[in-house]
Amino acid sequence: MKYLAVLLVCMAAPAAAQELVFSAQATESCLASGTDYRQCVGRSAEACMENTPGGWSTVAMGGCLDRELSWWDDRLNTSYRFAMDHARKMDAENDGFGPSQMDALRDMQRAWIPFRDRKCDWARSQWGGGTGGGPAALECLMRETADQTWYIESVVTPG
């Protein structure tokens, strides 16, 4: 809920009059090239800022970062669902022997969410009450979400 308020502040009235030019292509192309994923995070947000008139304003930066954050969040949700399906199958195959992979994955994800939020609260706090706090929090959320996505995908991959 707190991050909804950050988003609403970042997406205030000037953004409504301004159309963001966002595409996930820069991030997707970077990932497809085999480059370390950490170097790919933020590529599409940066391209959005560069391609949107006034894109380096605080409001536009927040909007562009939020768009890439949403892209990573969608990917995380897809990866998590796949990992849960895999864990469910592994639990069935293990027939109750050993710890439940499904429970462990769910518990890990539930613990990660407040960790991510507190970490990004700290990133925001570095700006005091300044306007850069919103984009700083969104960039942190984007990077943390990308890291979690990549972690889950590195453990359980389709195929």
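Residues are numbered from 1 along each chain as its sequence is written. Because the model is predicted, local features need pLDDT of at least 70 and side-chain atom pairs count only at pLDDT 80 or more, while totals for chains, interfaces and linings use all residues; side-chain values use heavy atoms, with hydrogens and water left out.

**Overall fold**

The protein chain has eight helices and zero strands, where helices (H or I, at least four residues) and strands (E, at least two) are DSSP runs numbered from the N terminus. Of its 159 residues, 41% count as buried; buried means under 20% relative accessible area, exposed over 50%, and partly exposed in between (1.4 Å probe, protein chains only). Among contacts with a separation of 6 or more, 69% come from residues 24 or more positions apart, a contact being heavy atoms within 4.5 Å. The chain exposes about 9,100 Å², with carbon and sulfur atoms supplying 57% of that area, as computed by the Shrake-Rupley method with a 1.4 Å probe.

**Helix α6**

Helix α6 covers residues 58-94, and its 37 residues should span 54 Å; the expected span is 1.5 Å times one less than the number of residues. Its end C-alpha atoms are 52 Å apart, which agrees. Just after α6, aspartate 95 takes a positive phi of about 50 degrees.

**Aromatic pairs**

Rings of Phe, Tyr and Trp (its six-membered ring) pair if their centres lie within 6.5 Å; planes under 30 degrees apart are stacked, over 60 edge-to-face, and the rest tilted. By this rule there are two aromatic pairs, shown here.

| Pair | Geometry | Centre to centre | Between planes |
|---|---|---|---|
| Tyrosine 37 and tryptophan 150 | stacked | 4.9 Å | 20 degrees |
| Tryptophan 71 and tryptophan 72 | edge-to-face | 4.9 Å | 85 degrees |

The pair of tyrosine 37 and tryptophan 150 links distant parts of the chain, joining helix α4 (residues 37-40) to helix α8 (residues 133-155) across 113 residues. Tyrosine 37 is buried at 11% relative accessible area, whereas tryptophan 150 is partly exposed at 29%. In the other pair, tryptophan 71 counts as buried at 18% and tryptophan 72 is buried at 0%.

**Threonine 149**

Let's finish in helix α8, which holds threonine 149. Threonine 149 is buried, with a relative accessible area of 0%. Its side chain reaches the backbone oxygen of threonine 145 at 2.7 Å. Leaving aside residues up to four places away in sequence, threonine 149 touches Trp72, Arg75, Leu76 and Ser79.

How values were computed:
Polar contact = N/O pair within 3.5 Å; in protein donor to acceptor, adjacent residues only side chain to side chain.
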